Amino acid sequence: MPKVSIIGAGNVGASAALRLAERDVADIVMVDIVEGLPQGKALDMVQAAPLAAFSVGITGTTNQYESISGSDVVIVTSGLPRKPGMTREDLLKVNADIVSKVTQQVVKYAPKCVLLMLTNPLDLMTYHAWKVSGFPAQRVLGQSGVLDSARFSTFVAEALGISPADVTAMVMGGHGDTMVPLPRYTTVSGISVVDLLPAEQIGRIAQRTRDGGAEIVNLMKTSGYYAAGASLAKMAEAIVRDQKRILPASAYLTGQYGIRDLYIGVPIKLGAGGVEQILELKLTDAELGELRKSAGFYKEQLKVLGY
Ligand code: APR
């Protein structure tokens, strides 16, 4: 049975664990620093197995990193979530520290895994984890665009009164205010959304997507987790089952889109090897300008971490 370990058994980690279990993707290990929390959540989830008809194992440990040995995928959600008024960047230093410690353990006990990051600020934490791990960039990536695109799809479906299942959206760039929703590459069963909704309405939907995380934080005073958990599960499944899915994620660029030495959201092919390919879309000057602006912002932020 494949194995997926999740570091941080908080809201996002647990949500991802349950979704992965329900899809019978892999045995799951949750690790946290809080005594009893991962164990309790694992026990609770396992007791859903007879009801939801899954057969994978779910266990939890506190700081026992031996338990992640042999993981195919390690998901890192450990960190502090945003509070109202806090940007993802405010979290930068405090979460970088946590990511360093966790990544060192991952390298020690699961040296062959694909490392899937979720901790915010996402693109910076992914870069940091890549540096600390020493892994090839192909085996380190971040969840960002799957969630942002899901939000975009949700709002498009709502506007058109159609099933969200028929909407495929593309959101590139950093996982923050500078993200780049791409209406031209957003389709409803193959039909570009540009041909289905007026430009102003698409603009409003794109803005709501950019603010999607903050909208939830403002309502419930902490970051969202159901859609983030579902996004992580989709990505971990693509890796474990070598599905070669094409989806946006934070990947290491070496000159694509004129950007180098940076993790940022781009369309990738995701399979057992991790980031198996980076796709280069033909962007307009305006779209490329937005993407490079986003990249510029994160380049600056990386300096705060000493890169
Ligand atoms: N090692 C392992 N687990 C840790 C560590 C650590 N060094 N530090 C914190 N944790 C755990 C916490 O104990 C907590 O259970 O990480 C978990 C985080 O869970 P939540 O506080 O519920 O936060 P969540 O909403 O899941 O968000 C996690 O994702 O969206 C981002 O900004 C968010 O960085 C945050 C992360």
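Q: Given that contact means heavy atoms within 4.5 Å, which elements do the buried residues of α2 pack against?
A: In this predicted model, the buried residues of helix α2 pack against α1 (11-22), β2 (27-32), α3 (49-52) and β3 (58-62).

Q: Which residues of α2 are called buried, and what makes them line one face of the helix?
A: Helix α2 covers residues 37-46, and Pro-38, Ala-42 and Met-45 are its buried residues, the term being kept for a relative accessible area under 20%. Seen down the axis of α2, these buried residues fall within an arc of 65 degrees, so they line one face. On the face turned away from that buried side stand Leu-43 and Asp-44, which are exposed.

Q: How do you know that domain 1 and domain 2 are in contact?
A: The chain is divided into domain 1 (3-142) and domain 2 (145-304), and their contact takes 37 residues from domain 1 and 47 residues from domain 2. Between them the two domains bury about 3600 Å², 65% of it on carbon and sulfur atoms. Across this interface the rule finds 1 salt bridge, while the count of residue pairs in polar contact is 12.

Technical notes:
Residues are numbered from 1 along each chain as its sequence is written. This is a predicted model: local features need pLDDT of at least 70, side-chain atom pairs count only at pLDDT 80 or more; totals for chains, interfaces and linings use all residues. Side-chain values use heavy atoms; hydrogens and water are left out. Buried means under 20% relative accessible area, exposed over 50%, partly exposed in between (1.4 Å probe, protein chains only). Helices (H or I, at least four residues) and strands (E, at least two) are DSSP runs, numbered from the N terminus. The arc is that of the directions from the helix axis to the C-beta atoms. Contact means heavy atoms within 4.5 Å. Domain bounds come from an automatic or database domain assignment. Buried area is the accessible area (1.4 Å probe) that two parts lose on being put together, summed over both. A salt bridge is a side-chain nitrogen of Lys or Arg within 4 Å of a carboxyl oxygen of Asp or Glu. A polar contact is a pair of N or O atoms within 3.5 Å; within protein, one must be able to donate a hydrogen and the other to accept it, and residues adjacent in sequence count only if both atoms are side-chain atoms.
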